[in-house]
Each structure stands twice: as C-alpha cells, then as structure tokens.
Amino acid sequence: MYKKTLVVNINEGIHTRIAASIVLKTSELKSKYNINLFIKKSNSSSEPFAISMLALLSLKIQKGETIEISCNEDSETAYQAVNEMFNFINFELNSNNTMSKLDAIIEENTIANEQIIDNIPVGIIVIDSNCHIVKINEYALNLIDSSEKKVYGKYIKDIIPTSELPSVLKDRIHQIGQIQHINNNITISNRAPILGKNNEILGAISVFQDISEVIGIQELNEKFIKILEASHDLICFVDEHRKISYLNPAYEKHFNINKNFILGMDLMDISPNGLRIKVFNTKEKLEKFFHRKDNQEIVSTIEPIFIDDKFKGIISISKPINEMKELVSKLERSQEELNYYRDEIRRHSLLNFSFKEIIGNSGSLREVLYIAQKASDSTSTVLIRGESGTGKELIAKAIHYNSPRKNNTLVRVNCAAIPENLLESELFGYEKGAFTGATNSKPGKFNLADKGTIFLDEIGDMPISMQAKLLRVLQDMEFESVGGLKTQKVDVRIIAATNRDLETMIKNGQFREDLYYRLNVINITLPPLRERKEDISLLVEHFIQKLNTKLNKNIKGITNDCIIYLEKYHWPGNIRELENIIERAMNMCDGNLITLKDLPFHIRSMDNKDENLINLVDGELLPLEEYEKEIIKIAMQKYKSFNKAGKALGITHRTVSLKCKKYGIT
Ligand SMILES: Nc1ncnc2c1ncn2[C@@H]1O[C@H](COP(=O)(O)OP(=O)(O)OP(=O)(O)O)[C@@H](O)[C@H]1O
C-alpha cells in the first residue's frame, strides 16, 4: 500500500465544488492508471474511504486538517497516481482556495440538504460502494443509540448486523416495506441502490421508520378485542358519527341479532328513544341504570368516550337482571349453607372437646380425668394407654382443646394406617422432586401442627426405623423434610396413644426403649369398661341423648333389666362397643323405652341362673365392700328409693342412704 499525507489549506475546507474536483481527478487517474484512490483524515481510526462525493462530504474536512491519500497497491503506477492526486490538492486546490459566489450557493444547498435529512422524522443511512457508512441522520443515530463519530466510515454490518444494504448494493434492486429489527426496535424500511450518471453503483440508501409502538398498539388492540369477546356482559360501541361500531358475541346472543346486519347502522334508526342515544346526545355517563329492553330487565352502564378531549362515541355495558338474580340467590344459598356448617363445626368442637363430655363417675375414670386436666396445663409429652375403644382419642382432644394451644391445630396421625414407606414424608413433608411424582413440595404433619399438638395414635404400630427419626424430633424439635437439606424447627406438643403392650414390645426389640421413656412423661391409662361397670348406666343415658339427634328419635330411656344385662357383659370393645349396641337397640326399639328385646342376642342370652350368686374375678374373691357396693347399686337401680331398696335387702333405709354416700351411688 502506498500513501501520502498533506495539510489542507483551502479556506472553507473541502466543500462541495472542491470535493467534486477531487472526484473528477480521481476518475481521470482511474482511467489513466486503472487504480482506485482512497482518502481519510490522518488522525481518524476509521478505514480509508474510496474517493467519492458521498465520502468526501461526509468527512467534512476543514482547513488545517491533515489528510491521507492512499492506494491499496504498492506499484509504480500506484506511486504515480497518489503523487498526482497529492500535487493536485496541494498545489492546485490549496493555492486556488477562495470560494466563489457560486461555490457558496452550492455549499448552502448541500448544508440545507443535510439539515433536511437530519430533521426528517424517519431514519436515513447511506453507504458508499464499499459498504461504509457515509451518512446517517439523527433519527437513525437515536435508534441505534450511537453518534456520528462512532459510525462514520464503519462497515455497515459492524454497526447494524441486520442491515440488508450490502445486498442492495450487490443486486441493485430496490427493497420496499421490509420489516427489520434494529436494536430491539421493529422498523419498516425502504432500500435503494444509488446509481451514477453512467449507471455505476455509488452506494445505497435505507429509509426506515420505527413501528414498535404501532405493533404494540396492534397487539393491545387484539388482546382488548379478545377480552370483549370473552365477556358475559353485553357490550356495544357507538362511534362519534352515531354508527354502531362494535357488538360483542354475548350481546348478539342475548338479543338474538346478527352483528353483520347492525354494524354501521345509525343508532337513531335502531333505538331512537333508548338510553344510548340519550348518553350520545348529553355526553353524560349513566351508571348501573335498571331498565327494560326488548321486554327484558337489564342493568346498564353507558359512558361517553373522550380521547384527547375529543368525543369518540359511547360504550354501553349491560347485564341481564335475571342472571344476576340467580347468582344472588345462589350466593345466598351458599351463604346459608356456610352458616349452617359453621354452626355445626362450632357445636361439634364445643361438644367433643370439653372434659364434661367424657362421661363416667367411677373412681378410675375420675383419676384419669384429674391427670388429663393437669396435662392440659403442661407442655409435656403424654402417653395414653388403654384397650381399643376406651376413649384415648377423646382424652387427647380434651387435653389439646383445654390447653393454651387450643386455638392452633390438633393434627392426628394414625401411625398404623400409613404405609411404612410413606410415613416419613407424611410426618416431615417432602420437597419438589424428592421422588417420582413429587411435582410440588408438601408440608408434613409436624409442620401443620406447629404451635399446636400432634396426636400420634397407635404409636405402638410405628415401624422401628421411623422410631429413631421421631426420637430426634422429640429431643430437639428439629427435622428435615424428605429430599430437603434445610433443618426445620417446630414447636409441637406431642400426645401419643396405643393399645399395645409397649413393655413386651421393648423386650422383643419391637419398640425403642429410649423412645418409650421420651413419650411416657405423663402417663394416662384408661381403664377398660368391664372394670368400671358403674359408669355403664351414665354412658347409656349419654348415648341415648346423643343418638336421638343423630337418628331423629325420641327414646326416653332404658329398662333396669337391660342395665343389669349390660353390666354383666365383659365389653371387649369397650365404650365404642357399648355405643354401637345402644345405637342398634334404638333402631330396634318400637316405643320410647329400650327393653331387653332390643338388645343383641349375645347380651340378653347371658343367663344368670346357672351362675353362682357371686362371680369370682380371675378365680379370686374381692373384698366384702366391693360386693356390698354392687348389691346396693343394683337395689337402687331397681327400686329407686332408699326405703324400697332397704326392704328388699333387709336393712333400714338410713343404712341404704349411708352406704350410697360411701360408695358414690347416686
Ligand atoms: N368416657 C366417655 N364418654 C363418652 N363417650 C366416650 C367415652 N369414652 C369413649 N367414648 C366414645 O367411644 C368411642 C371410642 O372412643 P375413642 O375413639 O376415643 O377410643 P380409642 O381408645 O381412641 O379407640 P382406638 O384405640 O380403637 O382408637 C368414641 O365415639 C368416643 O366418643
């Protein structure tokens, strides 16, 4: 490459006529030496431009600036061509440097053109025949967020990678209305080649406009239409010329009309006395107005539309009242149901969770209730033992709902009912993706019981592997969910229950001893019903009352014979069994008193006659007082008066009364 620098000494710099002289000289030298010449400002980092009017004018070379003339060959002819151009500028142009009046007019014209291009509200980019940017206006610079200095002389694709101008140069074909993405904006562009007098290619021009906003508005419009079409309200637009311009499908359907016959019609011709015409004329909004239209009751809101203070028509939105009435009555019905269930739940919670609902007057039950009431005030772990059906769950609920935690949750986990492989995730929860099917994370029972109580029912059936994990929670109140890395801390009160013989299970290695001691802080053992038969008559009375509501019956009581038989029975299923037998008897009962025939056969067939007067308990005799208590009770149940009972037993009524007091017989 051969190059030479010189200082421009022309008073007005390289203005239009000078640029034209240089271009003319360049084409002379091209025909003489068949060589291309290039020019650039010496201090500029951009590539040299092939000499052309566009390039020279874009460089805006001023007096005193140093320029570099070059040729991309290193030959003798290149040397001569560069030197001739150097001499031409240095000696001919630099010395002959005054601007004529004609030059001034041409220059003014060029400047005016430039200003027009800069102020036009579209983007303009011009490239020369080498794809270098030679003109870019303000609009385009704003769009690409750059400055003239950074882009002039640069290869177009380095500045706008999506530019199609190089292909316009190559193919010499106009491109019209092309969508182009520039710097996150959507533009529409026209592109054209710039051809010289002899049809030679001088460059290419792109004129474009940012239409991002237009596209955004179009999208918004489409979404808006979708909303209108999906709405159940009856919607109608009337434009500023009083023509119907839109009806939504709900409107068409409700009034059974086809929009194609209505759209474009004058509102005056369709509904000359309606509310819409009124709002159209007065331009005053009508809100929630009840009226009749086509014999149907509807409620409408009709509003004038103003855009930039200009009246653009009206919109009416209506709802048929029948539909609303239906909705309101549905809502009222749901509300009633809700109130009913709310009351039921409240009633249930009051009924079920008070100690008063635990029936029985026997010493053993009173002892249990005393401990349970004390346990309510404490936060210590409670272990409730007792045969199936003795009321363990009832006691657990009573403890929770009488404790300071009563406003938080009581969560029951039946350890025997949950499969071993699910128990851990049930208790401690799991994280999303912890196992196949875990599409969402789920909290465990311990999370749900935070600040409340967890009731671990059938704890004796908990698999030994889980017992270790449970022990950790009992010790530290800490655990990790399945698949979770974070240790979670909770504040949970533990009540456990079982009907299993934990001590034997420990001996057999089926229950952890350490867990047993952790659980067994407050021990409540519920006596089986056969050991507190004195509670049977009270329980029977309680169940009759409770079940009358459930069964919609009005049973008043039970005969004494029945009670005697019920007390003789050994109750393997305890209170649950008694409750079931009373429910059955109430179903069998024809009158309002349960009699022997209503009891199941296995109870009423228990024959007294073959038995001894006194039954031995496990082959052992009981203390005399126990028998005395039993006899007095039976007598009082049968005769209901101290006198009569005394007569039957051969003792005074006073003795009967004293014995009743002694043994707590009411
Ligand atoms: N003292 C009581 N007073 C009134 N009802 C009771 C009493 N004890 C138990 N019941 C009733 O007996 C039924 C069985 O009670 P519960 O479910 O509490 O027994 P459980 O010992 O937990 O039984 P399981 O070990 O089989 O789970 C329930 O309907 C309960 O309301």
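Which domains does the shell around the ligand draw at least three residues from? Domain 4 (353-525) and domain 5 (529-604) each give at least three, with domain bounds taken from an automatic or database domain assignment. Everything here comes from a predicted model, where local features need pLDDT of at least 70, side-chain atom pairs count only at pLDDT 80 or more, and totals for chains, interfaces and linings use all residues. Residues are numbered from 1 along each chain as its sequence is written.

**View 1. The shell around the ligand.** There are 16 residues around the ligand, and Ile359, Ser388, Gly391, Lys392 and Glu393 come nearest. A residue makes the list if its C-beta atom, placed from the backbone, lies within 6 Å of the molecule. Helices here are DSSP runs (H or I, at least four residues), numbered from the N terminus. By class, the shell has four nonpolar, eight polar and four charged residues. Ala, Val, Leu, Ile, Met, Phe, Trp, Tyr, Cys and Pro count as nonpolar, Asp, Glu, Lys and Arg as charged, and the others, Gly among them, as polar.

**View 2. Helix α15 against α16.** Helix α15 (residues 363-377) packs on α16 at an angle of about 40°, with the axes 8 Å apart. Axes are lines fitted to C-alpha atoms over the stretch in contact, and angles run from 0 to 180 degrees between N-to-C directions. The pair is therefore oblique, the label left once angles under 35 degrees (roughly parallel), over 145 (roughly antiparallel) and 65 to 115 (roughly perpendicular) are set aside. The contact brings Ala372, Ala375 and Ser376 of α15 to Ile395, Ala398 and Ile399 of α16, where contact means C-beta atoms, placed from the backbone, within 7 Å. Five of these residues are nonpolar, one is polar and none is charged.

**View 3. Helix α26 against helix α27.** Helix α26 (residues 624-639) and helix α27 (residues 642-649) meet at about 125°, their axes 9 Å apart. That angle makes α26 oblique to α27. On the α26 side, look for Ile631, Ala635, Met636 and Tyr639; they meet Lys644, Ala645, Ala648 and Leu649 in α27. This contact has seven nonpolar residues, no polar ones and one charged.

Conventions:
Helices (H or I, at least four residues) and strands (E, at least two) are DSSP runs, numbered from the N terminus. Two residues are in contact if their C-beta atoms, placed from the backbone, lie within 7 Å.
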